[in-house]
Amino acid sequence: MATYERHHCWSLLLRLFHWMFALSIIFLIVTGFYINTPWTNTMIEGSASFPMATMRYIHYIAAYVLSSAVLIRLFLYIFGNAQERVWDILPITGRNLNNLKMTLLQYSYISNKHDERLGHNILAGLAYLLTFIAALLMIVSGFYMLYPESAFWAKWGVMLFGSQQFARYLHHITMWWFMIFAVVHIYLCIWNDCTEPEGLISSIFTGAKFKHKA
Amino acid sequence: MADTVKKVLDPQLDRRGFLKGCTMAAAALGMSEAMIPKLVEAAATAERPRVIWLHFQECTGCTESLLRSSHPDLARLILDIISLDYHETVMAAAGHQAEENLHATVNNHPFILVVEGAIPTKDGGIYCKIAGKTAMDILAEVAPKASAIIAIGTCATFGGVQAAAPNPTGAVGVQDLVSGVPIVNIPGCPPNPVSFLGTILHYLTFKRLPALDNLNRPLFAYGRRIHDHCERRAHFDEGRFVEQYGDAFHKLGYCLYKVGCKGPETFSNCPAVRFNDVDVWPVSVGHGCIGCTEPNFWDTMTPFYERLPMVKIPASGIVGSADKIGKTVLGITAAAVGIHAAVGIGKRLIKGKSSDKA
Ligand code: HEM
Ligand code: HEM
């Protein structure tokens, strides 16, 4: 009979980040699709309904939530607890490289061994970092489209993207990353929860994980 | 009275036409009415600046739209306030005489250089030659001596259709080859003559070029997005769209967003200044904007009737819309997840629960 210990893993701020991030992205994807291909056609003039304006409005509210979430994560990558800092998930130490290898072996059913670790495994951590960078790209291209006449965004937008159209193109393509990520992410969270009884899913609500007593 | 019937170039510009042209330019520049006398004065009394107009890889459409505007006042005004020393389409001189005019101006006078058309750079620039010299050489000879350069049209500014992928002649715009001389870009296919006139009048009146954006386009003409000033904008916000050209919604004048209008990503004064003195512009007559004032518009704004360019996956020959490719990749991901789960479950069933370390 194994005994488990409760370990505090994720700060409240990180859990807040997670749900701000995940929920805002769901809204951004739905409204983003609408902005690309408005699937309604009002047809009635003077009906006092503004579907496109409303969808864009929701997109921008969600965009500000996402931007705040990204700022929170940026802060935590530098000043968070041991599990939250960025070097905890970078494959730069022997221990982290080994964890990356072990995780890949475990996920491909080659090995049954689970490399115990309190924070994210390295594979997950890298996927989260990539998603964080993709979110930065969404924010920069999004604000460039939103404030085309502001001196700041006009200057940086043209430097980074060349034109509004190219920014929009990247903005749209990058959206697909979030959907693909979400499918794999949710699946692997469930998979891990089934494989290792450490309470992974509840950890993103409670902040605590359960580990074997040494 | 200005002769609006015989649409020929007329050196006799009457006062009414002159004032009208100046007023149009002042409106485009966003100047107060009080400034108009200043513009008029500058246009009437300043020494006419010498202008050299070079044509490279182009279709002459910019010149056509400038000089054959339906109302001849604009063209007359332009020809009246500048001294067009060299312009291949309208000059009387030909052959060696024309070349002489060019050299006389370049070497002996301050002048403004207007460039129309892209400059091919591949294989030593041999794809465009005039009088035995490549466009690159001509530009390199003339440009450094100019007091300012106006690149007119999308070809001269960003390379235009010649520079569209795969850009077989290595065409580029003026700003890619010239530095050290102030450059104003007036893109468009063709650009509005008023934007050109406004730039010239601004230069004559204030002795400097107008304020520019980050792509060197005058802000007075390219400072705002078409979408944000479009007369069909209410239909966009209220969700009334043309689904197909020629459908009932098209006839009702609804928003052209879904049939690929590029107004949301294009900077130009078209909705405000309009064209041809008859107050029309593409969207007002039922065709979406194709984004002709933006860099690389042949590559990024096409397909003209879709919102976004196609995704090309390098070295695979795969071309598709972003959503089609996205859906495929997402589908493959979902299938992989399913297979992964099935393998896991299968393994458990075979090995039994014994592998469970609990
Ligand atoms: C994960 C995050 C996001 C996703 C998935 C997303 C998705 C999308 C999509 C699919 C479009 C339609 C583009 C098209 O095909 O025409 C769009 C448009 C837009 N997004 Fe986002 N977006 C995200 C974040 C942001 C952020 C942070 C901003 C910042 C303000 C933003 C601002 C905009 C703007 C201004 C537009 C253009 C709307 C218009 O032209 O009417 N987006 N977004
Ligand atoms: C119902 C849906 C979701 C559940 C149950 C869930 C659960 C979790 C869990 C348990 C973790 C921690 C995993 C670990 O330790 O490696 C986590 C992390 C994370 N999740 Fe989710 N998630 C959900 C949806 C999403 C969505 C939609 C996104 C974004 C598209 C997202 C983005 C992230 C990110 C970026 C992290 C890493 C947090 C960090 O930066 O440290 N999640 N999630």
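**Exercise 1. Determine the geometry at the iron atom of ligand 2 and identify its protein donors.**

Solution. The model is a predicted one.

Step 1. The angles subtended by the six donor atoms around the iron atom of ligand 2 run from 86 to 179°, which makes the arrangement octahedral. For comparison, six octahedral donors ideally give angles of 90 or 180 degrees.

Step 2. The protein contributes A:H18 and A:H185 to the iron atom of ligand 2, each through NE2, at 1.9 to 2.0 Å.

Step 3. A:H18 belongs to helix α1 (residues 12-36) of chain A and A:H185 to helix α6 (residues 164-195) of chain A, so this pair ties together parts 167 residues apart in sequence.

Step 4. Both A:H18 and A:H185 are buried.

**Exercise 2. Carry out the analysis for the iron atom of ligand 1, and describe the surroundings of A:H59.**

Solution. 

Step 1. The iron atom of ligand 1 has A:H59 (NE2) and A:H171 (NE2) as protein donors, lying 2.0 Å from it.

Step 2. Its six donor atoms give angles of 86 to 179°, and the site is octahedral.

Step 3. A:H59 is in helix α2 (residues 51-79) of chain A and A:H171 in helix α6 of chain A; the pair links distant parts of the chain, 112 residues apart.

Step 4. A:H59 has a relative accessible area of 11%; the cut-off for a buried residue is under 20%, so A:H59 counts as buried. A:H171 is buried as well.

Step 5. With neighbours within four places in sequence left aside, A:H59 is in contact with A:L28, A:T31, A:G32, A:I35 and A:H171.

**Exercise 3. Characterise the fold of chain A by its elements, extent and contacts.**

Solution. 

Step 1. Chain A has seven helices and two strands. From the N terminus on, these elements follow the order β-α-α-α-α-α-α-α-β.

Step 2. The C-alpha trace of chain A spans about 70 × 40 × 35 Å along its principal axes.

Step 3. Of the 214 residues in chain A, 50% are buried.

Step 4. Taking the contacts in chain A between residues at least 6 apart in sequence, 67% join residues at least 24 apart.

**Exercise 4. Describe the interface of chain B and chain A in terms of area, polar pairs and contributing elements.**

Solution. 

Step 1. The size of an interface is often given as the accessible area lost when the parts come together. Chain B and chain A bury about 4200 Å² between them, and 57% of this area is on carbon and sulfur atoms.

Step 2. On the side of chain B, the residues losing the most area to chain A are B:E238, B:L308 and B:H340, together 14% of what that side buries.

Step 3. In residue terms, 51 residues of chain B are in contact with 48 residues of chain A.

Step 4. There are 22 residue pairs in polar contact between chain B and chain A, both residues being at pLDDT 80 or more. The elements α10 (233-237), β10 (311-313) and α14 (322-351) of chain B each supply at least two residues of the side that touches chain A. The largest share of that side, 15 residues, comes from α14(B).

Step 5. Two salt bridges are found across the interface of chain B and chain A. A:R168 forms a salt bridge with B:E265, in which the closest N and O atoms are 2.7 Å apart.

Terms used:
Residues are numbered from 1 along each chain as its sequence is written. Chains are lettered from A and ligands numbered from 1 in the order in which they are written. This is a predicted model: local features need pLDDT of at least 70, side-chain atom pairs count only at pLDDT 80 or more; totals for chains, interfaces and linings use all residues. Side-chain values use heavy atoms; hydrogens and water are left out. Donors are N, O and S atoms within 2.8 Å of the metal (3.2 Å for Na, K and Ca); water is not among the atoms, so sites may look incomplete. Four donors count as tetrahedral if all angles lie between 85 and 135 degrees; four count as square planar and six as octahedral if opposite donors are over 155 degrees apart and all others between 65 and 115; anything else is irregular. Helices (H or I, at least four residues) and strands (E, at least two) are DSSP runs, numbered from the N terminus. Buried means under 20% relative accessible area, exposed over 50%, partly exposed in between (1.4 Å probe, protein chains only). Contact means heavy atoms within 4.5 Å. Buried area is the accessible area (1.4 Å probe) that two parts lose on being put together, summed over both. A salt bridge is a side-chain nitrogen of Lys or Arg within 4 Å of a carboxyl oxygen of Asp or Glu. A polar contact is a pair of N or O atoms within 3.5 Å; within protein, one must be able to donate a hydrogen and the other to accept it, and residues adjacent in sequence count only if both atoms are side-chain atoms.
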